[in-house]
Amino acid sequence: VPQANWQYPQGGQMQPQNWQQQQNGYYVPPPPQQLPGGYAQPFPQQQSGMQPNNYAMGYQSPLEWQQQQMRQQQIQQQQQVPSQEDPSQQAPPEGEGAPPPPPDATDTAAPDAAASGTADVTADQVPLVAANAESALVTTSNFALEELVNFKDSWDPYEKTDIPVFWHIPKAGGSSIKDAMGGCHRFVQATEFGITDGHDADTEVAVVYPRVPGDADTDRSPFVNIDSSTVAGIQRAKEMGFADAQLADVVVSPFVYELNDLFTPTAKGRFFSVFRHPIDRAVSMFYYIRVADWEPSYKPELKDWTLEQYAQSDIVENNWMTRQLSNTLGGELTEENLNKAMEVVRRKFLVGLMSQIEPTMARAEKFFRWTYHVNPPNQEACRERLMSGGANSNKANKKEGPKEGDEAWTLLAHQNNFDLRLYAYIEQLFVEQESFVKDLPDNFRNVDATCCKCYPQTFPPEGFECPEPVKNGDPETA
């Protein structure tokens with residue numbers, strides 16, 4: 001396996017970049033002999049005839065790796081009894097951040113109850129998935145996740161007061177989902193766009209129709225007048241009583257932990273996201289930021305770089321997903337950070353995959369009970385265009401990515417050693433979370449659909465506020 005041509009920081013020391021870079025998970029890699037546990041380690045030389053040990057994944061499946069971690073934790077717990085005087089060593093109270101136990105560990109009558117049919121799935125409730133010892137949905141964890149107390153667990157029953165929160169990962173297919181929610185389903189969204197046209201000065205939370213890019217005949221979309229893309233904007237939204245106002249159909253944000261304060265015990269958030277293979281995402285990011293002059297992350301100097309140069313620079317992201325999900329934006333990463341990231345995804349996220357973008361969208365529609373209410377034929381055609389083509393696909397600049405074993409692939413794997421393991425775990429969760437909506441039809445979006453833009457108009461029994469027919473050329477409307 002080719003060794004990385006590491007660039008040494010000045011003086012041979014690890015030099016952090018500015019705070020904005022740390023916020024985005026960037027960090028200068030130290031020399032190979034000084035690498036701490038969280039950074040990519042040099043590959044060991046393989047003996048002749050052995051399969052390559054790619055990105056420190058070993059020969060374990062994600063499930064085997066998780067089971068090994070569980071056994072190690074159990075051994076450690078048996079060897080070290082927590083001190084009664086140290087509350088930080090105490091296990092979280094039962095029912096407070098505790099994952100679902102295996103069926104046999106709690107109540108032997110549970111299988112009889114399931115057999116009797118008392119746990120039948122209904123169309124208005126996301127079922128609680130029965131725990132299975134062989135499932136990625138079950139683990140033993142010491143993470144109480146109190147920092148995310150205002151977000152429901154992924155297996156909790158769905159309630160209409162729950163507010164869907166789309167965690168937007170850059171270059172992972174999120175723009176297609178975001179545009180499908182806003183442009184096709186015509187949802188009231190909470191994004192950074194809600195404070196344009198002067199709505200950053202509003203003192204009360206409201207639904208607004210700011211101007212959008214396009215010609216005068218373009219329909220405007222409804223937004224809540226908050227900004228969920230900055231910490232200051234989240235604080236402002238909290239002070240305005242955003243969550244309990246129940247105005248947004250969905251929140252879109254690049255943040256995880258910072259969003260907890262946006263919600264309340266009576267109006268909790270529910271995370272969902274689209275994930276992409278870390279190497280594919282890194283390659284896409286490289287080719288995107290060197291041409292996207294409309295983005296703050298635009299770096300024209302990369303036009304003359306190779307992918308290998310990018311992978312060894314201080315611009316490349318280092319385990320971005322693991323850092324964000326474990327709330328460790330700077331410094332070295334450890335196995336504990338990876339374990340926490342896995343637990344956050346398992347417990348708080350409905351996961352989707354960019355490689356399965358249409359099934360991902362269909363699952364979200366079923367999980368959150370999203371159906372068409374504006375003009376179903378037009379909405380379905382809009383959705384089809386986005387699911388087949390993508391919204392921010394950068395097709396004109398698309399290049400063939402490196403293959404596993406290529407130097408560029410190996411270098412990027414060094415920078416994403418934890419994210420690669422996390423993504424393998426997410427792939428397993430994606431398969432298992434199908435059980436959340438297994439009794440709902442794939443075309444749930446058309447079930448009991450209504451049309452408020454038709455004549456005569458039709459509306460669902462619970463009511464529906466039809467989007468206002470506001471054009472870009474019309475006077476400002478709030």
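Visitor: Which residue stands opposite V165 in strand 5?
Guide: V251 stands opposite V165. This is a predicted model, in which local features need pLDDT of at least 70, side-chain atom pairs count only at pLDDT 80 or more, and totals for chains, interfaces and linings use all residues. Residues are numbered from 1 along each chain as its sequence is written, and side-chain values use heavy atoms, with hydrogens and water left out.

Visitor: What counts as a strand?
Guide: Strands are DSSP runs of E with at least two residues, and helices are runs of H or I with at least four residues, both numbered from the N terminus. The chain has 14 helices and 7 strands.

Visitor: Back to strand 1. Which strands is strand 1 joined to, and by how many bridges?
Guide: Strand 1 is joined to strand 6 (residues 269–275) by 5 bridges, running parallel. With strand 5 (residues 250–253) there are 3 bridges, and these two also run parallel. Two strands pair if DSSP finds at least two bridges between them.

Visitor: Is strand 1 buried or exposed?
Guide: Buried: 5 of the 5 residues of strand 1 (residues 163–167) are buried, so it is largely enclosed by the rest of the structure. Buried means under 20% relative accessible area, exposed over 50%, and partly exposed in between, with a 1.4 Å probe and protein chains only.

Visitor: Which way do its residues point?
Guide: I163, V165 and W167 point one way from strand 1, while P164 and F166 point the other way.

Visitor: New topic. How many residues are in the largest nonpolar core?
Guide: The largest nonpolar core has 49 residues, and F242 and F263 have the most contacts inside it. Helix 14 gives the most to this core, with 7 residues. A nonpolar core is a set of buried Ala, Val, Leu, Ile, Met, Phe, Trp, Tyr and Cys residues joined through side-chain atoms within 4.5 Å.

Visitor: What else is there apart from that core?
Guide: Another core, of 26 residues, lies apart from the largest one, and F166 and W370 are among its residues.

Visitor: And T371, where does that lie?
Guide: T371 lies in the loop between helix 11 (357–367) and helix 12 (376–389).

Visitor: Why does T371 count as buried?
Guide: Because its relative accessibility is 14%.

Visitor: What does T371 touch?
Guide: Leaving out residues up to four places away in sequence, T371 touches H185, F444, R445 and V447. Touching here is contact, meaning heavy atoms within 4.5 Å.
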